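Dear colleague,

Please find the structure below, handed over for your own work.

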Amino acid sequence: MKRWMLLSALMFAAGCAGAPVREGAVTVAPGEQVVDLRAGSYFFAPASLSIPAEKPVVLRIRNEASVIPHSFVLAGPGGNVLVRKPLRKGGETLIRLSPLPAGTYTFYCDKSFLGSTHRSKGMQGKLEAAPAK
Ligand SMILES: [Cu+2]
């Protein structure tokens, strides 16, 4: 009984460490393209991604940082924010991108520490949505 309570307390704590809103789990559909991205303090790798335009894509972001909080923000060519999501610490976060029009997008982490943004420390990159040939 005691052990069961401790386990559920741990799971509760782990589940609540990230986003305040619980979101439905993203599952990859058959044939859907998965793009891998690594994140950490303070980088995204690769810093330059290419995906097909007008196709749904799932981003699979492996966050190597287990203490410092990071996020993934995707902004359109005009700077408008399309996606903003906290990254699971020391684990994977799946993000399904709606089909994007061809163009160059920017992704970055919007966290900061002592007035210095993670983005300025190197947590940013470019995502190219390329038209099919
Ligand atoms: Cu960050």
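Two strands are said to pair if DSSP finds at least two bridges between them. Helices (H or I, at least four residues) and strands (E, at least two) are DSSP runs, numbered from the N terminus. Residues are numbered from 1 along each chain as its sequence is written. This is a predicted model, in which local features need pLDDT of at least 70, side-chain atom pairs count only at pLDDT 80 or more, and totals for chains, interfaces and linings use all residues.

Confidence

The average pLDDT (the predictor's confidence in each residue, from 0 to 100) of the protein is 87, and 82% of the residues score at least 70. Over residues 10-22, pLDDT stays under 50, and the model has 4 contacts beyond four places in sequence for that stretch. Two residues are in contact if their C-beta atoms, placed from the backbone, lie within 7 Å. Where pLDDT is low, the predicted coordinates should not be read in detail.

Overall architecture

The protein contains 1 helix and 11 strands, arranged along the sequence as α-β-β-β-β-β-β-β-β-β-β-β. Among contacts with a separation of 6 or more, 68% are between residues 24 or more positions apart.

Strands β5 (residues 71-75) and β8 (residues 103-108) run antiparallel and are joined by 3 bridges; A75 has T106 in β8 as its bridge partner.

Burial and the nonpolar core

A residue is buried if 20 or more other C-beta atoms lie within 10 Å of its own, exposed if 12 or fewer, and partly exposed in between, with C-beta atoms placed from the backbone. By this criterion, 15% of the 133 residues count as buried. A nonpolar core is a set of buried Ala, Val, Leu, Ile, Met, Phe, Trp, Tyr and Cys residues joined through C-beta atoms within 7 Å. The largest has 16 residues, of which L37, A39, F44, I61, F72, Y105 and F107 touch the most other members. At least two residues of this core come from each of β1, β4 (57-63), β8 and β11 (124-130), and β4 gives the most, with 3 residues. Leaving aside neighbours within four places in sequence, L37 is in contact with F44, L49, L59 and I61.

The loop residue V26

V26 lies in the loop between α1 (2-16) and β1 (33-40). V26 counts as partly exposed because it has 13 C-beta neighbours inside 10 Å. Not counting residues up to four places away in sequence, V26 touches V58, L94, I95 and R96. V26 and T93 are 67 residues apart in sequence, and their C-alpha atoms are 8.8 Å apart in space.

Yours sincerely
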